[in-house]
Amino acid sequence: MSENAPIPPAGDRRSFLAKIVAMVGGGLATLTPVAAGVWMSLDPLRRKSAAATFLPIADVSSVPDDGMPRQFPVIADRTDAWTGFAAEPIGAVYLRREAGSDTVQAFTATCPHAGCFIELDQRDRCFRCPCHNSSFTLDGGIVSPSPSPRAMDTLECEVRDGRVSVKWENFYSGIEAKEARP
Amino acid sequence: MSSASGPRTGSEPGRRSGPLKKLADFFDDRTGYRAFVHEALYERVPGGARWRYVWGSTLVFAFITQVITGLVLWSSYSASAQTAWESVYYIQHEMAGGWLVRGLHHVMAQAMVVLLALHLMQVVIDGAYRAPREVNFWLGLILMKLVLGMALTGYLLPWDQKGYWATRVATNLAGLVPMIGPSLQQLVVGGPDYGHHTLTRFFALHAGFLPGTLIGFLVIHLILFRKHGLCAKQPLKKPDSMFWPDQVLKDVVAMLAVLAVVMGVILLPAVRAMVEGRPIVPGELGAELGAPADPSQPYAAARPEWYFLFLFQFLKVFEGWGANGEFLGAIVVPGAVLGMMFLMPLIGRWNLGHRFNVLFTFAILVGAGLLTGIALQEDYAALWADREAYADAEQLIEETQNDPEKIATALGNDETRLAEFQAEAHELEAIRRSEAFLSAVQQAEFDAHRAVELAGRPERIPPGGALELIRNDPLSQGPRLFAQHCASCHAHVDPTLEEAPAMLAASSAANLYGFGSAEWARGLLDPEAVVGPAYFGNTAHADGDMVSYVTDDMTDADTWSDEQIEAVVLALAAEAAVVSDESADVEGVDADRLEQGRALLADEERCGSCHHAGENETEIGYAPDLAGWGNREWLIGIISDPNHERFYPETNDRMPSFGVAEEGGVPALSAAEVGLLADWLRGDWYRGE
């Protein structure tokens, strides 16, 4: 065909149809991989953590009964996508007993502000977060003024036959309400 | 000469001919590349080339450096929780040139942030965001966000403690975004917990999505830049010139300057080592590599990279604001600042708008600089603080156990004194925080160094990853286990240190530093030392038979000569055979004296009257068994169960049985942990070259 032949003007009905089909077809062609990609990318939303189960932590006798908390590792089986770990440290809790009491209090070591690892300051008898200067009293209360929106997160705690078990949960940080992650 | 002179010959026909020219013509006919190159190089620069126009080019140079080094790093990097740290270790410490490529990538990323700030400032000051360049300014802001996004995602990839904990904070903050926050966080993290999929996602963002998008926007940014031409700073001082070569020359000089600074940062420690006469270790140059990420191990030195430090510090500003504070500090204010920048081209139309924009930009940069300064000041305050000035306040806090009522009483309920005390206590707390940070940094450096040392063992890293090495390393775990389980009674301090006496006085059980060594045994048999705090002084054994035997019988030179005591010391050390104790090396000592010592230990008139030792027939149960005293098996035994008949079935002072639990219970320490403690106390750990 000659290069100089006139191109029929776009705008008649046949060309209108061609435009629609081209747009829809092209859109579908691109959207298919996009949709498949989005579908797969959203997979993490389906994943639930293995949290919220009672895990044995220690014997009551190893929790000092002088009101000074003590840190214990939380040991549990853990899966990370395709890898399974048997009995691994997955976090830490502080256990505490008031003088002479058998009631054990449990706190997660994760700071409710931004998720750093709270440390125990034995000298000043308080908890301190090393990141943004949040401090907490030995019973987990907030020391004002604090960047943290709430007190340390307590964990449900069971003492049976002298053994302490703790319901291991993760909580959303940075909000006032203590809300467990699913 | 090469075809680099092509564009010129294209416009000056007939200057050269030959095979090269023919080849160039062939391609030009089919691609029109000469016109394209000409278009690219012969841009008019109104008022001539100037230094103030170099920033954009240095950024392109920095980005190209990142692409090149990034691709090479990519070819050696493996994104999974068991291989990320390990592959970065291999790059940094074992691969030829790995430290240099990684160092360039790491330091150039920081240079890029600085160059971004300079480029932005230059654009704002010159008003280069005004019509018709608004869209290009917005593109620039998007590019800035992309670069910062790459900086943030890249920090995690080595999967070391620093990156892991900083990323936890950053992703937790993402969870604060209204409505979609929690889902957004879970998407970014790749699930409910940090692991493989956090790494694979961050890596895909860092090396794929973000740079891909960036290249797209950068191309449009450059095309628009060319379309509008350079926004020349008025008044023009010189005649117009061409981009090539005048401006390109200035750009190249600036790029070389950037590169020189980057290389300087990488090589400075090498120069310092050379000056101080230390050997240069290439693996220690360039980018740091911390200890492998460990969710169960606190990391008190967690800080973002310096250019995000102002955001970190900004969160502290909202003390006492509750949840609103964090939302404001992490989401609202940074979002508002960015929104304000997007509005700059519109604000700039208004009479005073341009001045406002310039002031606003400066205010933000000065504010960020100040916050960074405060963050650094808070972290390093202890280095220059006068600790002595707070001695009184510190003592009062200690004596009253920080009880407000007792403090008030101690200060006579005097409000002025109380206010003074509170101010001092506040400052003291800041210093202590800084001290804690500095010691955490020191610990982090130690852990990092140790991880590298262990990874370099001839046995290499196990399939479970480097964390396994660290969790099974007595030198890494011993001090932590000791601090957690033993240090409330026992000291572990070199007695020759300045701070030793105070630490010993505060302890209530024997100092276990060097336990099992000849030096330790010598102290045990010394009449003064044995009643001191380093041995039995602060225990129930202070009134026991051992102490009275050492202080009474052994001081009688007729029964115990110095030579005999020394022979017993040697025999005890030989039983323990502590790795770090040279005198325990049986081959190095006089065999006769060792034999003499062993006989004295077993002698039923002497040590053997209470202790079972050697071949003697003393029953175990009254005093600790000396057969194998202090060796690994003996230590594991006493840590696990001091009430066992081999140790103190009747006379155990206060020591808990760490390795046994009541039926169905959990022992305080696992067998592996007891073993780690025993090995650490005996100095038995892997030592590098």
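How many residues of chain B are in contact with chain A, and how many residues of chain A with chain B? In this predicted model, in which local features need pLDDT of at least 70 and side-chain atom pairs count only at pLDDT 80 or more, while totals for chains, interfaces and linings use all residues, the answer is that 48 residues of chain B are in contact with 44 residues of chain A, a contact being two residues whose C-beta atoms, placed from the backbone, lie within 7 Å. Residues are numbered from 1 along each chain as its sequence is written, and chains are lettered from A and ligands numbered from 1 in the order in which they are written.

On the side of chain B that touches chain A, the elements that give two or more residues are H8, H9, H10, helix H12 (309-317), helix H13 (322-347) and helix H17 (415-455) of chain B, where helices (H or I, at least four residues) and strands (E, at least two) are DSSP runs numbered from the N terminus. The most is given by H8(B), with five residues. By type, the residues of this side of chain B divide into 23 nonpolar, 18 polar and seven charged; here Ala, Val, Leu, Ile, Met, Phe, Trp, Tyr, Cys and Pro count as nonpolar, Asp, Glu, Lys and Arg as charged, and the others, Gly among them, as polar.

One of the elements on that side, helix H9 (residues 181-189) of chain B, has B:Gln185, B:Gln186 and B:Val189 buried, a residue being buried if 20 or more other C-beta atoms lie within 10 Å of its own, exposed if 12 or fewer, and partly exposed in between, with C-beta atoms placed from the backbone. These residues lie on the same side of H9(B), because they cover an arc of only 95° around the axis, the arc being that of the directions from the helix axis to the C-beta atoms. An α-helix has 3.6 residues a turn, so residues three or four places apart point the same way. The buried residues of H9(B) pack against helix H8 (161-174) and helix H10 (196-228) of chain B, and just after H9(B) comes B:Gly190, with a positive phi of about 85°.

Helix H27 (residues 671-681) of chain B is mostly covered, since nine of its 11 residues are buried, among them B:Leu676, B:Leu677 and B:Trp680. What covers the buried residues of H27(B) includes helix H19 (474-486) and helix H26 (632-640) of chain B.

In chain A, four strands form an open sheet in the order E2-E3-E4-E8, with antiparallel pairing, where two strands pair if DSSP finds at least two bridges between them. Its edge strands are E2 and strand E8 (154-155) of chain A, each of which pairs on one side only. Strand E2 (residues 70-80) of chain A is joined by 10 bridges to the antiparallel strand E3 (residues 83-97) of chain A, and A:Arg70 stands opposite A:Leu95 in E3(A). The hairpin of these strands has two residues between them, and in it A:Ala81 takes a positive phi near 50°. Strand E4 (residues 104-108) of chain A pairs with E8(A) over two bridges, again in the antiparallel sense, and A:Phe107 has A:Thr154 in E8(A) as its bridge partner.

Most residues other than glycine have a negative phi, and most peptide bonds are trans. In the loop between strand E6 (126-128) and E7 of chain A, A:Asn133 has a positive phi near 70°, and A:Asn133 counts as buried, with 20 C-beta neighbours inside 10 Å. By contrast, B:Arg460, whose phi is positive and near 65°, is exposed, with 9 other C-beta atoms within 10 Å. The peptide bond from A:Ser144 to A:Pro145 is cis, with omega near -10°, as is the bond from B:Gln234 to B:Pro235, with omega near -5°.
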